[in-house]
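Look at the structure first, then read the points below.

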There are 2 protein chains.
Amino acid sequence: MRSGRAAGTHTGTSDPCWLGPATTAFLRGRQVSLLAEGPIADTLRLELATAVGPAGAVGGDPSCEPALVLARHDLLAGAVGVTGPLRRAADAAAGLGEEGFALVGDGSTAAVVATGERGLLHGYFHLLRSAATAGSHEVLPTLETVQEPALPVRMINQWDNTSAGDHLGSVERGYAGDSIFFSDGRIVQDRRRISDYARLLASVGINAVSINNVNVHPAAVRLLTDGLPDVADVARIFRGYGIATYLSVSFASPIVLGDLPTADPGDESVVAWWAGVAEGLYREIPDFGGFVVKADSEGRPGPFDYGRDHVDGANLIAGALRPFGGRVFWRCFVYDHRQDWRDRSTDRARAAYDHFAALDGRFADNVVLQVKCGPMDFQVREPVSPLALAMAETNTVVEFQITQEYTGQQIDLCCLLPQWHEILTFDVSGEQLPGDTLASALARRGRVTASSGVCAVSNVGDDANWTGHKLAQANLYGFGRVAWDPALSAREVLGEWTALTFPDATDLHETLIELQMGSWGTYEMYTAPLGVGWMVTPHTHYGPAVDGYEYSKWGTYHFADRDGLGVDRTVATGTGFAGQYPKAWAERYEHVETCPDELLLFFHHVPYSHLLHSGTTVIQHIYDTHVEGARRVVEMRDLWRSLEGRLDEASWTNVMERLERQVNSAREWRDQVTTYFFRKSGVPDRNGRVVH
Amino acid sequence: MRSGRAAGTHTGTSDPCWLGPATTAFLRGRQVSLLAEGPIADTLRLELATAVGPAGAVGGDPSCEPALVLARHDLLAGAVGVTGPLRRAADAAAGLGEEGFALVGDGSTAAVVATGERGLLHGYFHLLRSAATAGSHEVLPTLETVQEPALPVRMINQWDNTSAGDHLGSVERGYAGDSIFFSDGRIVQDRRRISDYARLLASVGINAVSINNVNVHPAAVRLLTDGLPDVADVARIFRGYGIATYLSVSFASPIVLGDLPTADPGDESVVAWWAGVAEGLYREIPDFGGFVVKADSEGRPGPFDYGRDHVDGANLIAGALRPFGGRVFWRCFVYDHRQDWRDRSTDRARAAYDHFAALDGRFADNVVLQVKCGPMDFQVREPVSPLALAMAETNTVVEFQITQEYTGQQIDLCCLLPQWHEILTFDVSGEQLPGDTLASALARRGRVTASSGVCAVSNVGDDANWTGHKLAQANLYGFGRVAWDPALSAREVLGEWTALTFPDATDLHETLIELQMGSWGTYEMYTAPLGVGWMVTPHTHYGPAVDGYEYSKWGTYHFADRDGLGVDRTVATGTGFAGQYPKAWAERYEHVETCPDELLLFFHHVPYSHLLHSGTTVIQHIYDTHVEGARRVVEMRDLWRSLEGRLDEASWTNVMERLERQVNSAREWRDQVTTYFFRKSGVPDRNGRVVH
């Protein structure tokens, strides 16, 4: 049974997040006009009908003085009597790309004009955002803006498993309940949450989603076979929101699904098999996005199994997708996950660059390399991945992690927008040349084939509030927004989110923004110090275990002894990782004198007595930041307690409960880390605090 | 459907362990006579029929000059013409208890006489053992022995879960496959493995078994309701081998099963509920053993929930069982499992004694306290539990762990018989008084109600060889044997097991015995040093993690810092645990000068430079023993490799594969422990070996 439900409505049974009824209050009872056709226009029509309510009307004729007009540029061309905001928007929209829009409002009427349906959808949601941030709950905002997305690819990866029996439950590294996509080995029959999710993603400009875990478990292969009609229906839902649907597939699919004896890219039957699969897929889903592949990574099969390289592997699958306009996202998270901790010459941080940088220019033009934002794995602090800075001739998406695997698991508040902003605005050359941010470098690559950008692992599950922690919704919201416009500051994005999410608590907006703004820094303070990372409980990755990954196979070490700690990744005496960066950065990271404090232990092994640029020693820094971090969490908790009754009950209670747990967690981090280093260094806290 | 299979046969589909066909070869084709009736006699009759084979005969008349007579003493009383071994055995058997036997053989005939059926069964298996150790594969042995068990209770605890979905799979801390008792939430339909197991246990004198996990998961409660007919059938199987069947039950059963609002021992309805349950049970199983209860332990419900003490709790359930002759085994594994690692005043080692010692004399006479052999939890080295030495007025069983949770998980070879021998022969007063071993103290307590003794957690699962590691069968065998006769040395027991298990490899027996004899000491060398314990991977408990339990809630710390390590449990400056021992031991443990080296870090926090009685420093001891322990494992592996072709293929291959893994594990232990302490202490290895 397919869901007969139209894509354009939402249920109200789950938290509407930043799209609650108040966000469209200024349209209630109004006349609006929509000039466009197609599945996205259908969605928009339902959106508008819901917004205007029974007292309003949605029509096609812009001449009857509607409060709002959304119009495709080509349909307006012959219209006469186009004046005011609509005229200005139409003029501004000329020549925009398919996702761009012009939005003009004079306070009494507003107009969105775009060359494509998706532009209209983006423009509509931008109008809601603008109204909320202007505080215009009841009146149309005054504004004039022309926007295009800075990055062509803005993708969400679900790490959802098809059945609950799979590895780590139904969402790998999910902290907000089970999958909204799957149950009992197949796509859920009730697809209202999927539709609601598509709406949320579309509202912040996401244009691609992969719906199943990159670790493709055996049960998930049936998505390509008898599960395909269900996938097609999900793709239909996302299509209505301008979002392309992707699947994660195993490189070994020809063996697992096709009964072939090999998955060798050099084998004709393998090439033919992938071509057949693509043909079958595109017959059902003509606008299917393509595949995400995790190959030769953490035990997954890949081209290395056949003595081939990643170019062979990625181009194999790209070749099958090319006739249909599909793309393959090829993950670069390739490293030796059976490392020997005794071996200090192997450095996991080097791995992605070592594997891929030399292949630049050899990938097919519908291959997109997916590069994690840091060289390790989504720690609270890492340098920017040097591979993300290289490969000018290859489509690249930089991967972020919205789900808070290493950053508090949606128990601890940790707004990641400041981190993402730092990464996206990273100065690629290190020489402060104009327009040389990571985002602009990606955009430049993207201009070749419109296939570069960003992607991120989702943080949603079937919890009523989607993200477990109410305030973690801001990370999902914010990812879409910075993907659209990397120049947006974290504070601007939080301003939008807060205004949209808590429209009735305008007096608290500044407080809520401040709370989120400081949370990443606070989390960094009470966890692993100075960029060294990995002091987490093995497997779960929540809570402290200073030596938890120290003697492991994962390549994740801090090398603390009684004299000092940190990883020597210099060219001169260490693993040479620092040399993978553009020259200015390589030199800066190479020397303790120029290496930023916050990354000191990522690049250097130093004595506890080493003096930081901040003027304090490493050991005292550890004591001070951990005490201060835990103190700030208590302060956040107390602040939140004082807000009781001033926010909706569900949100307040949810966050209160999480903050209480965060207080305990931060205390545990503080005490374990300080005790560990006191026992090892023997250096007393200069401030005389108790260390256990 | 109940199994229609008689209890007395075995299938041959699984490893016969120490009861292979060669062990009865000396009876093949013989005439034997059995004078006894009842379920155990039925079992014996089938045993004998199998042994003598088609060319022999099993009769009832001892006058036709059979090679072997097994006779109940009372049935012989009026018989005339009783001469030779039968006469001598009959005379010796007079006045024995129900489990004792007299066994006399003159090389051509043999006789077993006992006052009860169980004595005959024990005598029969003793004959097989005697034949094997005498090398008499073909002829009846010459011997004359009268035996009674030293300890009345010799029990096995299964930690089997009723369904695979339960915590940690179907056998908690099981390392030999899934449960042989349960699948899919109920008792298995094919009960051949259960019958085979009953035979193995009976052959070493076990007389009680509890069949389900002491952590009673929700699905297991149905054993008391609709699962009861199946339990009755299992009890029938064990009955044929002289073994009483027990169930583990939850203290909260009146709530879970009985829909009562409380499980309070002071509540009349609760008392009545337990009485009703007992009545129902004994209606189905008139000789049901009783219950095992883990209460107020690691989160399990118990009398503390109602402000009652353990006397109230245990006596409640004992009262229900008393009319039927049943017993309750009440576990003393009660401690704070939510301890704060910062709190050095709480000491888990103290907990059992602190909770129970003062209650001595107040328990009903069908309550048996079940006390773990050490104060912590089955570490490779602990002192003997002071609670096991106290409570002279209370039935007590000392609990051992055959399953190798902390001792190598049946991957590493670790024959625990030397450990158990040390514990059972522990000098209770510490003053070397005659007959003052722990075993004799238990036997003395046992004389009051015949309810003291030993119990142990089983190491079997549905692996073909029962125990995962072929040589781990010796631990199961040996537990039964030392429970019967604690004076037996580990070497004697291993001699029996080896002769029975590898009858065709007599030239290797000494080698195999030596291999096992040294294995516990070797395991101790390469794991946690000097009695400190707990340096294992959290949760799984396999492999090293020096700090794995250091900052945990479990009360399991080593307190290593840059200057030294160990737990101060002295009365003078520590937790006072040492004071729980009888005076001589208390004084010996209190002082570093008199504390045995192997327990030094259990009782004292000392500097790395502390000089052991062995003449080396603590830090050098750590380096030396870890290097030596790992070296010995390599030596064991190489020795085993040289045995290829000289043992049966299945056994050789199994052990070879495990020893290869043990080599890796021991190397990992060696390197992590030595590196950890080098990094912390900064003291180089005197022998100049590489520390990472």
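**Cysteines**

The sulfur of B:Cys332 lies 10 Å from the closest cysteine sulfur, that of B:Cys455, which is too far for a bond. This is a predicted model: local features need pLDDT of at least 70, side-chain atom pairs count only at pLDDT 80 or more, and totals for chains, interfaces and linings use all residues. Residues are numbered from 1 along each chain as its sequence is written, chains are lettered from A and ligands numbered from 1 in the order in which they are written, and side-chain values use heavy atoms, with hydrogens and water left out.

- Over all chains, a search of the whole structure finds zero disulfides (a disulfide is a pair of cysteine sulfur atoms within 2.5 Å).
- A:Cys332 is in no disulfide, and the nearest cysteine sulfur, in A:Cys455, is 10 Å away.
- A:Cys332 is buried, at 3% relative accessibility (buried means under 20% relative accessible area, exposed over 50%, partly exposed in between, with a 1.4 Å probe and protein chains only).
- B:Cys332 is also buried, with a relative accessible area of 3%.

**Interface of chain A and chain B**

- Chain A gives 22 residues to the contact and chain B gives 22 residues (contact means heavy atoms within 4.5 Å).
- The copies meet through the same surface, because 100% of the interface residues of chain A are also interface residues in chain B.
- Together the chains bury about 2200 Å², with 45% of it on carbon and sulfur atoms (the accessible area, 1.4 Å probe, that two parts lose on being put together, summed over both).
- On the chain A side, A:Arg342, A:Arg562 and A:Arg679 lose the most area to chain B, together 38% of what that side buries.

**Charged pairs**

- Eight salt bridges are counted between chain A and chain B (a side-chain nitrogen of Lys or Arg within 4 Å of a carboxyl oxygen of Asp or Glu).
- A:Glu550 and B:Arg679 form a salt bridge through their side chains, at 2.8 Å, N to O.

**Symmetry**

- Chain A superposes on chain B by a rotation of 180 degrees with 0.1 Å of shift along its axis, RMSD 0.0 Å (least squares on the C-alpha atoms of residues with pLDDT of at least 70 in both).
- The two copies are thus related as by a two-fold rotation axis.
- In chain A, the C-alpha of A:Lys680 is nearest the axis, 2.9 Å from it.
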